[in-house]
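This report describes selected features of a protein model. Please view the sequence and the structure below before reading on.

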Amino acid sequence: MIGGAQARGRSPHNDDERQHQNTMRLDGKVAVITGGGTGIGAAAARSLAAAGARVAVTGRRPEPLQAVAQEIGGFAVAGDAAKADEVRNTLAAVREHFGGAPIDVVVANAGGHGLGSALDTDDAGWATSWDVNVTTAFLLAREALPDLIQTQGSIVVVSSLAGVMAGPDVLGYTTGKHALIGLTKSLARDYGKHGVRANAVCPGWVRTPMADEQMDELGALGAGTREEAYALATSEVPLRRAATAEDIANIVTFLASPLSAAMTGTTVMADCGAHVVDLPTLAFERLQQH
């Protein structure tokens with residue numbers, strides 16, 4: 001009779017390989033994060049570095065980038081992620097800084113608003129919202145792909161709850177975040193055969209400086225303090241809270257790590273449950289609570 005391990009087609013190395021795969025460790029891996037100076041990007045930099053990655057943060061403002069890089073022992077390089085030549089220069093600088101090592105992980109986190117409805121959105125506003133939300137992710141992925149094919153690396157795209165739903169008067173933002181999910185699926189479809197994985201994470205409200213500003217605006221409309229505005233904005237969210245940047249960063253690290261080795265083309269909702277709410281039933285819930 002053939003022994004159990006042999007019957008299952010296992011080699012003496014399978015256990016070691018399985019143990020290596022069953023980890024969130026990214027020791028020695030090179031990771032690049034756009035929009036890495038604040039908010040989710042900075043939190044992702046800290047999380048990836050804590051997992052052992054060598055992390056480079058990039059964005060348009062040098063000061064917060066340098067602060068994050070100094071904190072995590074990483075590398076900061078300023079650049080506009082919506083310009084192909086600057087993305088190429090950024091990745092070249094990252095490789096040089098890390099001794100010529102190819103890139104293993106890219107986190108497409110750069111983004112921005114696209115405010116207004118269709119009639120309120122002019123050509124310049126539309127172009128800007130597309131560039132900051134979609135072009136940045138596309139260029140990072142395209143320019144890093146030769147490295148990622150070599151390393152069988154991972155692309156993590158930060159989309160949004162707005163990537164599957166629509167808020168009021170944010171046409172450009174909503175369209176761009178929807179497009180990021182399509183970009184993620186296309187990258188997964190085309191480059192999975194090379195071992196490259198691409199996944200998207202969709203946060204809802206996250207406590208970041210940008211969200212704080214929006215809560216202050218909501219407060220000025222009558223919601224009260226910033227904390228009261230957060231409470232109002234998340235009052236119908238199942239977990240009744242906003243996520244933290246660290247919550248999202250942990251998911252980014254998971255998607256970049258061997259623990260998610262079977263995941264590609266996936267959209268991970270990280271919105272404290274907002275996407276599961278059936279809006280037409282809210283009236284019933286409210287009445288039942290009284």
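Strand 1 (residues 30-34) and strand 2 (residues 54-59) run parallel and are joined by 5 bridges. Strands here are DSSP runs (E, at least two residues) and helices are DSSP runs (H or I, at least four), numbered from the N terminus. Two strands count as paired if DSSP finds at least two bridges between them. Within this pair, Ala-31 stands opposite Val-55 of strand 2.

The model is predicted, so local features need pLDDT of at least 70 and side-chain atom pairs count only at pLDDT 80 or more, while totals for chains, interfaces and linings use all residues. Residues are numbered from 1 along each chain as its sequence is written, and side-chain values use heavy atoms, with hydrogens and water left out.

**The sheet and its helices**

The open sheet is formed by 7 strands in the order 3-2-1-4-5-6-9, with parallel pairing. Its edges are strand 3 (75-78) and strand 9 (267-270); each has a single partner strand, so one side of each is left without a neighbour in the sheet. On average, neighbouring strands are turned by 20° against each other, direction ignored. Axes are lines fitted to C-alpha atoms, for helices over the stretch in contact, and angles between N-to-C directions run from 0 to 180 degrees.

Helix 4 (residues 62-72) packs on this sheet, where it touches strand 2 and strand 3, and its direction makes about 170° with that of strand 3. Helix 6 also packs on the sheet, touching strand 1, strand 4 (105-108) and strand 5 (154-158). The direction of helix 6 makes about 175° with that of strand 4.

Thr-267 of strand 9 is the bridge partner of Ala-200. In a regular strand, side chains alternate between the two faces of the sheet. Strand 9 has a covered face with Val-268 and Ala-270, and an uncovered face with Thr-267 and Met-269.

**Residues of helix 6**

Apart from neighbours within four places in sequence, Thr-136 is in contact (heavy atoms within 4.5 Å) with Ala-81, Ala-82, Ala-110 and Asp-131.

Trp-126 lies in helix 6 as well, but is partly exposed, with a relative accessible area of 37%. Together with Trp-130 and Leu-171, Trp-126 makes a nonpolar surface patch of about 260 Å². Patches consist of residues with over 30% relative accessible area and no salt bridge; like charges are joined within 9 Å, and nonpolar side chains (Val, Leu, Ile, Met, Phe, Trp, Tyr) within 5 Å. The areas come from the Shrake-Rupley method with a 1.4 Å probe, and for residues only the protein chains shown count as cover.

**Salt bridges**

Side chains of opposite charge can pair when their charged atoms come close. A salt bridge is defined as a side-chain nitrogen of Lys or Arg within 4 Å of a carboxyl oxygen of Asp or Glu. By this rule there are 9 salt bridges, including the three tabulated here.

| Pair | N to O distance |
|---|---|
| Arg-25 and Asp-27 | 2.6 Å |
| Glu-71 and Arg-46 | 2.8 Å |
| Arg-95 and Asp-147 | 2.8 Å |

Glu-71 lies in helix 4 and Arg-46 in helix 3 (residues 39-50), so this pair ties together parts that are 25 residues apart in sequence. Arg-95 in helix 5 (residues 84-97) and Asp-147 in helix 6 link distant parts of the chain, 52 residues apart. Arg-95 is partly exposed at 23% relative accessibility, whereas Asp-147 is buried at 9%. In the pair of Arg-25 and Asp-27, Arg-25 is partly exposed at 39% and Asp-27 is exposed at 51%.

**Positive phi values**

Arg-240 has a positive phi of about 55° although it is not a glycine. Arg-240 is placed in the loop between helix 9 (226-233) and strand 8 (243-244), and counts as partly exposed at 42% relative accessibility. Cys-272, also a residue other than glycine, has a positive phi near 60°. Cys-272 lies in the loop between strand 9 and helix 11 (282-288) and counts as buried at 12% relative accessibility.

Terms used:
Buried < 20%, exposed > 50% of the residue type's maximum accessible area, 1.4 Å probe, protein only.
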